[in-house]
Amino acid sequence: MERRLPQFEHASTRICAVSDIPEDDGLKVEFPDRSPLAVWLVEDKVFVTDDTCTHGQASLTDGGMLDGFIIECGLHLGAFDIRDGRVESAPCTKPLTVYAASVLDGDVYADLVTLVEIERHHG
Ligand code: FES
C-alpha cells in the first residue's frame with residue numbers, strides 16, 4: 001500500500017524502510033560518509049534528525065528516552081523536540097539538526113541539504 005506523508009518536498013535520499021522504525025521510538029542509521037541519523041516514528045509521522053546529541057557525543061537512539069515528540073539524551077538528560085530540533089532541556093543549548101523527510105512506498109526519504117527551520121512548527 002502506498003503511504004505518502006508529504007511533509008516536505010525535495011526529500012531525495014533513501015534512509016530506511018518505515019517498517020524498520022520501532023513505533024514511538026527511533027532507529028539509528030549509519031552512513032560511510034557522514035554522521036549517523038536518527039529516524040523517529042511518532043503518531044504515524046516520520047522525522048529525521050542527527051543522532052548525535054549537540055551537547056556531547058552521545059547517541060540519542062542508544063540510551064535516549066523518547067516521550068511524545070521529545071527525545072531526552074541518556075547522558076546528561078538534555079532534551080530536544082524531534083519535530084524541529086528545538087532545545088527542550090538543559091544542558092543542551094544548540095538545537096538538534098532536523099532534515100526534511102517524507103515517506104513514499106514504505107520508504108523514508110530525507111533531504112540532507114535543506115534543514116527544517118524551528119519556526120515551521122512553533123510559529
Ligand atoms: S551529551 Fe546529551 S545532554 Fe550531554
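User: How many bridges join strand S3 to strand S4, and in which sense do the two run?

Analyst: In this predicted model, strand S3 (residues 37-42) and strand S4 (residues 45-50) run antiparallel and are joined by six bridges.

User: Which residue of S4 stands opposite Val 39?

Analyst: Val 48 in S4 stands opposite Val 39. Another facing pair is Leu 37 with Asp 50 in S4.

User: What lies between the two strands of that hairpin?

Analyst: Two residues lie between S3 and S4 in the hairpin, and Glu 43 takes a positive phi near 50° there.

User: Which strand pairs with S3 over five bridges?

Analyst: That is strand S2 (residues 25-29), which pairs with S3 in the antiparallel sense. The bridge partner of Leu 27 in S3 is Val 39.

User: Is S3 largely enclosed or largely open, and why?

Analyst: Six of the six residues of S3 are buried, so this strand is largely enclosed by the rest of the structure. "Buried" here requires 20 or more other C-beta atoms within 10 Å of the residue's own.

User: Which way do the residues of S3 point?

Analyst: Leu 37, Val 39 and Leu 41 point one way, whereas Ala 38, Trp 40 and Val 42 point the other way, and all are buried. In general, side chains in a regular strand alternate between the two faces of the sheet.

User: Back to S4: how many bridges join S4 to strand S9?

Analyst: Two bridges join S4 to strand S9 (residues 98-104), and these strands run antiparallel. Thr 49 stands opposite Val 98 in S9.

User: A new topic, then. What is the order of strands in the open sheet of four strands?

Analyst: The order is S5-S6-S7-S8, with antiparallel pairing. The edge strands are S5 (65-67) and S8 (87-89), each of which pairs on one side only. From one strand to the next, the twist averages 30°.

User: And over how many bridges do S6 and S7 pair?

Analyst: Strand S6 (residues 70-72) and strand S7 (residues 79-81) pair over three bridges, in the antiparallel sense. In S7, Ala 79 is the bridge partner of Glu 72.

User: What holds paired strands together in general?

Analyst: Strands of a sheet pair through backbone hydrogen bonds, and the pairing may be parallel or antiparallel.

Note on methods
Residues are numbered from 1 along each chain as its sequence is written. This is a predicted model: local features need pLDDT of at least 70, side-chain atom pairs count only at pLDDT 80 or more; totals for chains, interfaces and linings use all residues. Two strands pair if DSSP finds at least two bridges between them. Axes are lines fitted to C-alpha atoms, for helices over the stretch in contact, and angles run from 0 to 180 degrees between N-to-C directions. A residue is buried if 20 or more other C-beta atoms lie within 10 Å of its own, exposed if 12 or fewer, and partly exposed in between; C-beta atoms are placed from the backbone.
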